Amino acid sequence: MTNDEIRPARAADAPAVKAVTDAAYRHYIERIGVVPQPMEADHVADVAAGRVFVLGEPVTGLVVIDAHDDHLFLDSIAVHPDAHGNGVGRRLLEFVDARARALGLPEVRLYTNAMMWENQEIYPKFGYEAVERRADGPYDRIHYRKRLG
């Protein structure tokens, strides 16, 4: 395996998954006023369930995904700040599309906090359309979907 391959996370990766997630989301705490949900996830359980895929040795980026009957849910995407601008996020989003297609799923869904305005610029560039905005507890979320052709 090369350093450029996206692979399923292993149990030994769980500390790196937490570290990269925390590094990627930490700066949002002050802006949104709560700890972003990905930082509070049970990373060990997500890895054990086969929901986490990582890029890099050491890990520089990851996705947490969950297959449903009619879509693939992108629960979290995290890129370590030191890896910004190197195409890690793009590669991970392309992986998610490929994974959905491989599973025979017609679309990818995700949501982002409305205060994470950077994401509102990024996701449409990758073919996502905003479909709904709603509050979920302390989180004001914009829901997106991408139909795969």
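**View 1. Tyrosine 111 in strand β5.** Tyrosine 111 sits in strand β5 of this predicted model. The residue is partly exposed because its relative accessible area is 23%, a value between the limits of 20% for buried and 50% for exposed. Leaving out residues up to four places away in sequence, tyrosine 111 touches Gln37, Phe73, Asp75, Arg141, Ile142 and His143. Tyrosine 144 lies 33 residues from tyrosine 111 in sequence, and the two C-alpha atoms are 5.7 Å apart in space.

**View 2. Threonine 112 in strand β5.** Threonine 112 is placed in strand β5. Is threonine 112 buried or exposed? Its relative accessibility is 3%, so threonine 112 counts as buried. Beyond its neighbours within four places in sequence, threonine 112 is in contact with Asn119, Tyr123, Asp140, Arg141, Ile142 and Tyr144.

View 3. The loop between β5 and α5 (117-125) holds methionine 115. With a relative accessibility of 35%, methionine 115 counts as partly exposed. Which residues does methionine 115 touch, not counting those up to four places away in sequence? They are Arg31 and Ile32. Arginine 31 is 84 residues away from methionine 115 along the chain, with a C-alpha separation of 7.0 Å.

View 4. Glutamate 57 and proline 58 are joined by a cis peptide bond, with omega at about 5°. Where is proline 58? Proline 58 belongs to the loop between β2 and β3.

**View 5. The largest nonpolar core.** This core has 25 residues, of which Val63, Leu74, Leu92, Val96 and Tyr128 touch the most other members. At least two core residues come from each of β2 (52-55), β3 (61-67), β4 (72-79), α4 (88-102), β5 (107-113) and β7 (139-147). Which element gives the most to this core? Helix α4 does, with six residues.

**View 6. Valine 63 and its contacts.** Valine 63 is among the members of the largest core that touch the most others. Setting aside neighbours within four places in sequence, valine 63 is in contact with Arg51, Val52, Phe53, Leu74, Ser76, Ile77, Leu92, Phe95 and Val96. Another core, of 17 residues, lies apart from the largest one and includes Met39, Val59, Leu62 and Val64.

**View 7. The whole chain, for orientation.** The chain has five helices and seven strands, arranged along the sequence as β-α-α-α-β-β-β-α-β-α-β-β. Its radius of gyration is 15 Å, which agrees with the value near 15 Å for a compact globule of 149 residues. Along the principal axes, the C-alpha atoms fill a box of roughly 40 × 40 × 30 Å. Buried residues make up 44% of the 149. Among contacts with a separation of 6 or more, 62% are between residues 24 or more positions apart. The chain exposes about 7,800 Å², and carbon and sulfur atoms supply 51% of this area.

Note on methods: Residues are numbered from 1 along each chain as its sequence is written. This is a predicted model: local features need pLDDT of at least 70, side-chain atom pairs count only at pLDDT 80 or more; totals for chains, interfaces and linings use all residues. Side-chain values use heavy atoms; hydrogens and water are left out. Helices (H or I, at least four residues) and strands (E, at least two) are DSSP runs, numbered from the N terminus. The radius of gyration is taken over C-alpha atoms; the globule rule is 2.2 Å times the number of residues to the power 0.38. Buried means under 20% relative accessible area, exposed over 50%, partly exposed in between (1.4 Å probe, protein chains only). Contact means heavy atoms within 4.5 Å. Accessible areas come from the Shrake-Rupley method with a 1.4 Å probe; for residues, only the protein chains shown count as cover. A nonpolar core is a set of buried Ala, Val, Leu, Ile, Met, Phe, Trp, Tyr and Cys residues joined through side-chain atoms within 4.5 Å.
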